[in-house]
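Please keep the display in view while I talk.

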Amino acid sequence: MDHSPPAKLRNGRFRFDAKDAELDFGRQPDQNDPEKKTAEPTSSATEAVERPDIARDRKRETLIPDPAATTAKDVWLTFDDGPNPESTPKVLAALSRANLKATFFMLGLNAEAQPRLVERVFDAGHRIGNHSYSHPHLTELTEAEIREEIGRTDRLLAPYLGADKLFRPPYGHTNSLVQMVAAELGYREVRWTVDPRDWDKSYRPKKWMNFGISQMKALSSCVVLLHDIRPATSSNVAAFIAMIRQLAGARFKAPSTL
Ligand SMILES: [Zn+2]
């Protein structure tokens, strides 16, 4: 549970204080509340007539304090490095309970070891992408080696990739050669905009959740990097989803739109 104050009150983009609220209520006194009626300053009523723009703006601020609340925040969940027989099923269960679909960027070597799990992820309606075969730094490899890393995984995942094939380079490390090889194999490169660092030992088991949320507050397009091979991720992803749902304007997007 996140008991921290809502973004609207601490992100600094909106100044909201009780004084403004009182003045605003003073201009529109509640007929059933004599205390508010008597508290209404005369000058305030005059100002409301002379400066209707201010009155209107203040009323809007009182009712809708956070401009971000009306701004959509698109969210795509992505899970890398699996599938893993222990943790991936937990992620699938959490997504199912939350009625959400995600994209799984799989490693060829793990897909090869867990073919039924690949099928299960796909059958649950999630999208599958290519994350290389063995998670190397592709920018340090030759063209032939890059082609083998992406191509071998491509052959393993072929039945599940669809027409618009997604590739995510390990560590996000890419260059023109990696992109050229990926494109030749029919892939579009997809990175991320939010890295909660669930892969980082010092951010486990739960610190990554608040770190991810803090990044998401500043973004309108959130491609969230998570790792379904991490027990700390699979154990806490349901709570993380609940935290995202409390973010102003957040709406989960279908993996097909990634
Ligand atoms: Zn990875």
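Predicted model: local features only at pLDDT ≥ 70, side-chain atom pairs only at ≥ 80, totals over all residues.

Let me begin with Asn 99, which is found in the loop between helix 6 and strand 2, where helices (H or I, at least four residues) and strands (E, at least two) are DSSP runs numbered from the N terminus. Residues are numbered from 1 along each chain as its sequence is written.

Asn 99 has a positive phi of about 55 degrees although it is not a glycine, and it is exposed, with 7 other C-beta atoms within 10 Å. For burial, the convention is that a residue is buried if 20 or more other C-beta atoms lie within 10 Å of its own, exposed if 12 or fewer, and partly exposed in between, with C-beta atoms placed from the backbone. Ser 132, in the loop between strand 3 (127-130) and helix 9, is also a residue other than glycine with a positive phi, here near 80 degrees, but Ser 132 counts as buried, with 27 C-beta neighbours inside 10 Å.

Two loops carry cis peptide bonds. One runs from Gly 82 to Pro 83, with omega near 0 degrees, and Pro 83 sits in the loop between strand 1 and helix 6. Another joins Arg 204 and Pro 205, with omega about 5 degrees, and Pro 205 lies in the loop between strand 5 and helix 11.

Now to the strands, which are taken to pair if DSSP finds at least two bridges between them. Strand 2 and strand 3 run parallel and are joined by four bridges, with Phe 105 standing opposite Gly 129 in strand 3. How enclosed is strand 6 by the rest of the structure? Six of its seven residues are buried, so strand 6 is largely enclosed.

That leads to the nonpolar cores, each a set of buried Ala, Val, Leu, Ile, Met, Phe, Trp, Tyr and Cys residues joined through C-beta atoms within 7 Å. The largest has 37 residues, of which Leu 77, Phe 104, Met 106, Val 118, Ile 128, Leu 157 and Val 224 touch the most other members. Among the elements giving two or more residues to this core are strand 1, strand 2, helix 8 (115-123) and helix 9 (143-157), and its largest share, five residues, comes from strand 6. Apart from it lies another core, of nine residues, among them Ile 150, Val 178, Val 181 and Ala 182.

Three of those names return in helix 10 (residues 176-184), whose buried residues are Val 178, Val 181 and Ala 182. They cover an arc of only 100 degrees around the axis, which puts them on the same side of helix 10; the arc is that of the directions from the helix axis to the C-beta atoms. On the other side, Ser 176, Met 180, Ala 183 and Glu 184 are exposed. The cover over the buried residues includes helix 9, strand 4 (165-167) and strand 5 (187-189), contact here meaning C-beta atoms, placed from the backbone, within 7 Å. Helix 10 is followed by Gly 186, whose phi is positive, near 90 degrees.

Finally, helix 12, residues 231-245, has a kink of about 55 degrees centred on Val 237, the bend at a residue being the angle between axes fitted to the seven residues ending there and the seven starting there. How far apart are the end C-alpha atoms of helix 12? They are 22 Å apart, which agrees with the 21 Å that its 15 residues should span at 1.5 Å a residue, the expected span being 1.5 Å times one less than the number of residues. Its buried residues include Val 237 and Phe 240, and what covers the buried residues includes strand 1 (73-80), helix 6 (88-97) and strand 6 (221-227).

Methods:
Contact = placed C-beta atoms within 7 Å.
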